[in-house]
Structure formats: C-alpha cells, structure tokens
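The sequence and structure come next.

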Amino acid sequence: MFSKIIFSTLFFLSACGFAQNTKTSNTVLMRGTPVRTYSKLPTVNKPAPKFTLTDVDMKEQTLDSYKGKYVILNIFPSVDTGVCSASVHHFNEDAANLPNTVVLCISKDLPFAQKRFCGAEGIKNVVMLSDFRSDFGWNYGVEMIDSPMKGLLSRAVVVIDPSGNIIYEEQVPDISQEPNYEAAINAVKG
C-alpha cells in the first residue's frame, strides 16, 4: 500500500514536470543576441491570467484589484535601465489622460527600488508592481530563461479590458527597444 502511494506521488510529480517542460519557449533579442523567454504571451481574446504582485508599500495586489478598468501591463527588466525608465515615463504621461484605465509597471525590481525611482522621477500616474516573489513571469511567458538577463522579465505590453480579457499584446522583439505605445493606447481607446 505504502509503495503504491509513493509510486503514485512520483508519477504525478513527474507528469507535472513534463507538462511544465512541454511549454514552448519564445525567443526575443537583446541588442541582436537571441534570448529565450519561458513561453509566449497569453493569447488575445482570452481571459488574462490571474496574478498577485507586490506594490511599493509591500502590499499584495491582484489583477482582480483592478476589475472594471482597462489595465495596461507595462512589463520590463528593470527601472534602472534607460529604455525601461523611458517606458515608465511615457506610460506615466499617457495614463493621466486615459479614463477608467490603470497602468501597471511590472518588473523584478524590489519594491524599495521602485518606490525610490518613482519619488526621484516624479512618477505618480502608474502603479509600480514587483514580481520578485511570484510566478507572474512564468504565467505571462515573459521570464527570460537564459543569457545574463536570466530570471528578469522581457519587455512586453499587455492590455486587458474591463471584463478581464486580453485585447492587445506585444512582445517587443528586441528588449533594447521601446514598445509601441500608440498601439497600446489605441487598444484602450477602441
């Protein structure tokens, strides 16, 4: 009996590992050099995967916290790089003019660094969220799985409508480039 339980448990765990490993990785570039991400972004016209991230005050925020609003996910490696900083600044300006919309800027940066950045840069119209202790990068397919950037998030934008469905997604082909801000904003404007 005991051996059957052990065998069943081992079989289940190996099946789970196989299922995780069968996901197709995606390739993006970092200044022209290929970098693999865990998977591809979630599909447009499907429900957005749920998540729990940490805000600058170390409180948990979920996707459900923003239900009933348009949600723009500005996903990037770190606020301490020029392109990432530029994307936060750009969306900070855009968010001020979009009704019923919240922009969530998501990276693996610690909440303390995100808070320091916002204070120093005058960022007030976006919500900074950290993926330092969640599986967001895996669920959204954006965590880089090789290169010196391994473990950080690639550059992507996902727009979610008030009912929780994805209406736009962009995996930026080269993470050293900025996303298509206009396309993301137009997705909200309809």
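This is a predicted model: local features need pLDDT of at least 70, side-chain atom pairs count only at pLDDT 80 or more; totals for chains, interfaces and linings use all residues.

## A buried threonine

In which strand does Thr-54 lie? Thr-54 belongs to strand β3, which covers residues 52–55, and with a relative accessibility of 2% it counts as buried, because the cut-off for that class is under 20%.

The side chain of Thr-54 makes a polar contact with the side chain of Arg-133, at 3.2 Å. Neighbours within four places in sequence aside, the residues in contact with Thr-54 include Lys-59, Pro-111, Gln-114, Met-128 and Phe-132.

## Nonpolar cores

The largest nonpolar core holds 23 residues, and those touching the most other members are Ile-72, Val-88, Phe-91, Val-126, Met-128 and Val-159. At least two residues of this core come from each of α2 (82–95), β6 (101–107), α3 (111–121), β8 (156–160) and α5 (181–189), with α5 giving the largest share, five residues. Apart from this core lies another, of 21 residues, among them Phe-51, Val-158, Ile-160 and Ile-166.

## Aromatic pairs

The model has five aromatic pairs. One of them, Phe-91 with Tyr-181, is edge-to-face, with 5.2 Å from centre to centre and 75° between the planes; since Phe-91 lies in helix α2 and Tyr-181 in helix α5, this pair ties together parts that are 90 residues apart in sequence. Phe-91 is buried at 0% relative accessibility, and Tyr-181 is buried at 9%.

The rings of Phe-136 and Tyr-140 have centres 4.5 Å apart and planes at 20°, so this pair is stacked. Ring pairs link these two residues and Phe-51 into a cluster.

Key:
Residues are numbered from 1 along each chain as its sequence is written. Side-chain values use heavy atoms; hydrogens and water are left out. A nonpolar core is a set of buried Ala, Val, Leu, Ile, Met, Phe, Trp, Tyr and Cys residues joined through side-chain atoms within 4.5 Å. Buried means under 20% relative accessible area, exposed over 50%, partly exposed in between (1.4 Å probe, protein chains only). Helices (H or I, at least four residues) and strands (E, at least two) are DSSP runs, numbered from the N terminus. A polar contact is a pair of N or O atoms within 3.5 Å; within protein, one must be able to donate a hydrogen and the other to accept it, and residues adjacent in sequence count only if both atoms are side-chain atoms. Contact means heavy atoms within 4.5 Å. Rings of Phe, Tyr and Trp (its six-membered ring) pair if their centres lie within 6.5 Å; planes under 30 degrees apart count as stacked, over 60 as edge-to-face and the rest as tilted.
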